[in-house]
Structures are given as structure tokens and as C-alpha cells.
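Thanks for coming, everyone. Let me put the structure up, and then I'll walk through a few parts of it.

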Amino acid sequence: MSSPRRLRRWLTTALSAALVASAAVGTARAEPADTPATSTVAASADGAAAAAVTFSDTFDGPAGAAVDSSKWQTETGDNVNNHERQYYTSGNRNAALDGQGHLVITARKENPANYQCWYGTCQYTSARLNTAGKFTAQYGHIEARMKVPRGQGMWPAFWMLGTPVNWPDSGEIDIMENVGFEPSTVHGTIHGPGYSGSGGIGAGYTLPGGQAFADGFHTFAVDWAPDSITWSVDGNAYQTRTPADLGGRSWVFNKPFFLILNLAVGGYWPGDPDGSTVFPQQLVVDHVSVTTTDAAPGAAIRGLAGKCVDVAGANPANGTPVQLYDCNGSSAQRWTVGSDGTIRALGKCLDAAGNGTADGTPLQLWDCTGGPGQRWTVTGARDIVNPPADKCLDVTGNNAANATRLQLWTCTGAANQKWTVG
């Protein structure tokens, strides 16, 4: 389901100037030298580089303090394009640390400075932060752990815009949007030339059992690679978008984007607050991080039609299907063939479900246990064999379509059982 909103236009001339500055650096990341989280490397247990952390904010600091200005800037003003009702303020009145490791963006029903909006005297205040001119990402795992507000008319969002900004040609990646009348559902969407506004391409994710996102913290993320974006909630991947979804329209997501956090009040999509809406409302952000897999160990395993062995949705959960998919260089396709006989990705092992040995046993990702379903040999004939079963890694039905499940099958020497590592 795509959101029927329109362009979230820029609110200050200062921001426009920052965007010009960020555009001047091209594809280089505009990261301040004093940003402590920039370019640190997280090491795996064996000492190999596992992920490069290119941006991180855990919002540590005293209660009432403003956000780190080396990482974020605050936008001000209203937004006529979406018919939002809030005025975004500067300073720390509507965006401040809580002293417990959170950023709190607060929407209030107030107008302390006689702010004027597109519809007259403003009725609400809130905040919107971005990293334009300070940090841009191009590919990687981008996530925020947040607790959203509740109530009719609330519209929190964690999203990205491409540089330089010339919407919709610059592209927009909505990692998470929630509208108050859907308390159990969030949306992930892409917008670009010919598929913007109500024509955005995306999907929703709904919590089971009528749970509301406002009841607790959840982690919203995208795994972004060349020609591929996968959305997840709490590690559960729920959609992947590629150029094949655009019907021949331009894919504008292979370039730098900057991050945005905001809490809007009202607008075309959520509708305005009503008598049931309680103020103030808060978007509470525990952390925001961007990690890349440039330094990750492993290599692609290529097979039928030149496609790769892939962990579905880059989801590291036990039981995630292992499939055939277009090669995209993501961490879900970087495998390490170990001297212990395991084949690993995302910190887990290639596994024959239930230690099965029969033809058709599906392959999955699972915690490394040393069991017989996780023992593999790569032969000189380009077979990948599970010796306990004496069966081969096989593309089900010799089907080269994306998302075809991989399985165990009697070794036949056919093309759907031939693999190249590296």
C-alpha cells in the first residue's frame, strides 16, 4: 500500500544551502571529522571485520539537551504540500534528549510564538531533523529503534532523500511511516520519477494479535544494495524492491541519501487530529545507525543463470529460506566456506532443515550447531555436497527465477547443481 501524501517540501533556506554544499561532494560522505561514530569497525569473534559503522547516534546526554549538531540539523516552518498542521520549531523545545539514552520528538497543541502556517495561525508544534550536509549513506543497513506516538492525525516517519534534492527525481526511501488510524501497521515505500506521492511503491507490515506499535519499541530497517532495497521490522523482512518493480521507470536509488526523522501532525494521508487525540504525543528514538558490509568477509556463491545463493530478505532469523536471487553484493550473499565444513552468512550456517537427508529437504539459515545438516564439501567439479546425506546443493525444479528455494537432491551433475565460490 502506498501513501497518498505529496512532496514533503524543504522548510528553510538554510537547509537548501546545506543541500547545495552536500551536493558539491558528489558521492563522498560529508562526515565531520569529530563525529565519534564515523568509520569505526565492529569485529567478529574471530577478529575479522564484520561491519563498518558509518553513522551512529544513541542519544546519550543530559535531559533537555539538544541533539548533536555535528550529526543533525533542525528544520523549521510549516508544510503546505502535505497540508500538515504543525510548525517545526528550532532548538530543544520539540526535540530533546531525555537523559536516558533517547531522543524525544514531541508534538504539542500550542503556539507559543504566534507561528503562522499555510492555513493561518498554527495550531501545533513539532520537530523535524535531518543529516543533510553532515552525513549521507549509499548502501548498507540503516535502522532506527523507536516507539511511535498514538492517536488520530499522528504521522511519525524515518526516511531518506537523495542528493541533490529535486523531488521526485532525487528519490525518496521511506523506511518507516505510521499513521494514527492504523495503530498496528507501518509502511515502507519508495518514490521516484513517475512513481511519487500516491503512486509510490511499497507495502505495509502489521503486528499480530492487534498489538499497537505505540505500545513499545520496535526496530525499523532497510538493507540497501545496488538495485535492491529490503524492509524489515524487528528483523522480519516484509518486502524487497528492485528495478523490476518499476515497469521501466527510472531506479534512482544507487547514489547517496541523507536521513530524516520527523513527527507530523495532520495531512492528506493521516487526516487531522480530532477530539479523541491526546496531546502531547511523542516519537521516542533509542538509536539510529548505518552499517555497511564493505569490510565483511565472504564471497558470492554463483550458480544457475549466474544468480547467487541468497538469504531471503537478508533476515538472520533461524529458519530463513536460502534461495536463488540476482547477485547484488549484499551481506545476504556473502558466504564463508569454513575449514570446519560449514558455509556461513549473516553469522549463521547453511543448514539442511531438520538434518534431513531426503531429496527435496529445504535449505535454510540456522544457528551453527556442528550438526550433520551443516556439513558441506565444495568439490573440484563445482558441486557443493552434504556428505552425511550424499546429496548436492540444488536449485529446486531447475528454476532460475528469483526466490527459488534451494534444496538437497541426489547429485546429477546438472547445471542447477553447479556452483562457483568467489
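**Disulfides, a sheet and a pocket**

Start at C122: with 4% relative accessibility, C122 counts as buried. Buried here is under 20% relative accessible area, exposed is over 50%, and partly exposed lies in between, with a 1.4 Å probe and protein chains only.

A word on the source. This is a predicted model, where local features need pLDDT of at least 70, side-chain atom pairs count only at pLDDT 80 or more, and totals for chains, interfaces and linings use all residues. Residues are numbered from 1 along each chain as its sequence is written, and side-chain values use heavy atoms, with hydrogens and water left out.

Back to C122. Its disulfide partner is C117, and the two sulfur atoms are 1.9 Å apart. A disulfide, for us, is a pair of cysteine sulfur atoms within 2.5 Å. C117 is buried as well, at 9% relative accessibility. The torsion about the S-S bond of C117 and C122 is about 110°, so this disulfide is right-handed.

How many disulfides does a search of the whole structure find? Four. Number the bonded cysteines of the protein chain in sequence order, and the pairing reads 1-2, 3-4, 5-6, 7-8.

Next, C349 and C368. A disulfide joins them, S to S 2.1 Å. This pair links distant parts of the chain: C349 sits in strand β26, C368 in the loop between β27 and β28 (377-378), 19 residues apart. Helices (H or I, at least four residues) and strands (E, at least two) are DSSP runs, numbered from the N terminus. The torsion about the S-S bond of C349 and C368 is about 105°, so the link is right-handed. Are the two ends buried or exposed? C349 counts as buried, at 0% relative accessibility. C368 is partly exposed, at 31%.

Now C392 and C411. Their disulfide has an S to S distance of 2.0 Å. Again, the pair links distant parts of the chain: C392 in strand β30 (residues 391-395), C411 in the loop between β31 (404-409) and β32 (420-421), 19 residues apart. With 100° about the S-S bond, the link of C392 and C411 is right-handed. C392 is buried, at 0% relative accessible area. C411 is partly exposed, at 34%.

On to the sheet that holds β26. Four strands form an open sheet in the order β24-β25-β26-β27, with antiparallel pairing. β24 (336-337) and β27 (363-366) are the edge strands, each with a single partner, so one side of each has no neighbour in the sheet. Two strands pair if DSSP finds at least two bridges between them. β25 (residues 343-345) and β26 (residues 348-352) pair in the antiparallel sense over two bridges. The bridge partner of A345 in β26 is K348.

Last stop, the second largest pocket. It holds about 180 Å³ of space. Which residues lie nearest its centre? S228, T230, T240, D310 and G313, out of 17 lining residues. β16 (218-225), β17 (228-233), β22 (308-311) and β23 (322-325) each supply at least two residues of the lining. The largest share, three residues, comes from β16.

That's the tour. Questions, please.

Technical notes. 1 Å grid on protein atoms, 1.4 Å probe; cavity = no way out; pocket = protein on both sides within 12 Å on 5 of 7 lines; lining within 4 Å. Points joined across faces, edges and corners; volume = space filled by probe spheres on them.
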